[in-house]
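Please open the model in your viewer and keep the selection panel at hand. The stops below say what to select and what to look for there.

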Amino acid sequence: MNKMSLNPMHQFEVYKIGPEININGINLSFTNASLFMAISATLIILLLFLGTKKKLLVPSKIQLVTEMSYTFVAKMINDTAGSSAKSFFPFIFTLFMFILFCNMVGMLPYSFTVTSHIIVTFILASIVFVGVTIIGFAKHGIKYLELFVPKGVPLVLLPLIVIIEVISYLSRPVSLSVRLFANMMAGHTMLKVFGGFVISLGLLGGWLPLGFSVALTGLEILVAFLQAYVFAILTCIYLNDALNLHH
Amino acid sequence: MELEAAKMIGAGLAAIALAGAGVGIGIIFGNYLTGAMRNPSAAQKQFPNLLLGFALAEATGLFGLVVALIILFAF
């Protein structure tokens with residue numbers, strides 16, 4: 001038995017595939033993380049391409065999936081951010097599909113979960129944070145700072161409230177990225193820990209953790225979808241703050 | 001105390017934060033069920049809010065797990 005394969009953290013290791021590329025001291029080698037990102041992106045493009053190739057009135061299965069994902073995201077944006085956010089549909093759809101496919105591809109055995117690395121999720125969250133801030137200032141100008149001053153607060157409490165609001169605004173990218181990262185990492189570690197129990201308990205006692213493993217895989221698939229959904233809906237909520245100030 | 005042992009104890013203590021997440025998720029689902037039993041016609045509309053609340057509550061507990069991992073692996 002290989003000792004290394006029993007380590008539940010081993011699955012998160014990033015290693016390079018192919019030659020090492022070094023530009024100005026920055027390591028730009030093609031890694032397994034980049035490979036699985038490319039696989040996820042290819043799968044999304046394939047799904048959307050095949051789904052919209054033949055536009056049937058009675059949709060085929062793949063067309064149905066494509067239409068469902070479209071209406072799902074469109075409805076989510078409309079419900080949470082209002083109709084003025086409609087122009088941001090491509091961005092939120094891309095974000096949702098990318099995270100969903102990265103999570104789902106990561107659920108396959110022997111694959112790599114891109115979203116279980118904090119740097120990937122932090123970059124995604126930073127794009128949302130910086131983008132939303134720019135949109136807010138572009139739309140409302142300096143009045144966007146009113147976001148930090150809630151209406152109907154007593155004047156005595158105002159300095160405290162403003163500080164709290166500013167801190168909560170600045171912690172958005174951290175909480176957004178850590179939520180996705182921690183969920184994916186904790187879930188995958190748990191799966192591997194239970195997988196380790198199956199091996200160490202052997203043929204006699206291994207059936208119980210095996211059953212747990214199957215149930216946990218189901219839970220993890222739910223979490224994989226849920227986290228993509230939550231990431232997208234929180235982006236919509238932040239966008240709503242920036243577009244419709246105090247509504 | 002040796003540093004290695006202190007790290008292990010600290011990581012274990014940080015993971016207690018997940019108890020709060022358990023309580024929070026229980027409250028969210030319990031209250032959703034209560035509300036859904038009282039008014040089943042309004043239940044479907046609040047389902048996205050349920051999932052949102054579940055994810056937000058779970059994430060707060062997982063911050064504790066991240067602290068544990070930082071203690072174990074980053075220092």
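This is a predicted model: local features need pLDDT of at least 70, side-chain atom pairs count only at pLDDT 80 or more; totals for chains, interfaces and linings use all residues.

Residues are numbered from 1 along each chain as its sequence is written, and chains are lettered from A and ligands numbered from 1 in the order in which they are written.

**Chain B**

Select chain B, which has four helices and zero strands, where helices (H or I, at least four residues) and strands (E, at least two) are DSSP runs numbered from the N terminus. Its radius of gyration, taken over C-alpha atoms, is 18 Å, well over the 11 Å that the globule rule (2.2 Å times the number of residues to the power 0.38) gives for 75 residues, so chain B is more spread out than a compact globule. Along its principal axes the C-alpha trace of chain B spans about 60 × 15 × 10 Å. Buried residues, meaning those with 20 or more other C-beta atoms within 10 Å of their own, C-beta atoms being placed from the backbone, make up 13% of the 75 residues in chain B.

**The contact between the chains**

Next, show both chains: the contact, which requires C-beta atoms placed from the backbone to lie within 7 Å, takes 11 residues from chain A and nine residues from chain B. On the side of chain A that touches chain B, helix 6 (172–205) and helix 7 (207–243) each supply at least two residues, and helix 6 gives the most, with six residues.

Now select A182(A), which touches A59(B), L62(B), L65(B) and V66(B), not counting residues up to four places away in sequence.

**The largest nonpolar core**

A182(A) is also among the residues with the most contacts inside the largest nonpolar core, which has 50 residues; such a core is a set of buried Ala, Val, Leu, Ile, Met, Phe, Trp, Tyr and Cys residues joined through C-beta atoms within 7 Å. Helix 7 of chain A gives the most to this core, with 13 residues.

**Helix 4 of chain A**

Finally, select helix 4 of chain A, where the buried residues include V120(A), L124(A), V128(A) and F129(A). The buried residues of this helix pack against helix 3, helix 6 and helix 7 of chain A.

Definitions and conventions: Two residues are in contact if their C-beta atoms, placed from the backbone, lie within 7 Å. A residue is buried if 20 or more other C-beta atoms lie within 10 Å of its own, exposed if 12 or fewer, and partly exposed in between; C-beta atoms are placed from the backbone.
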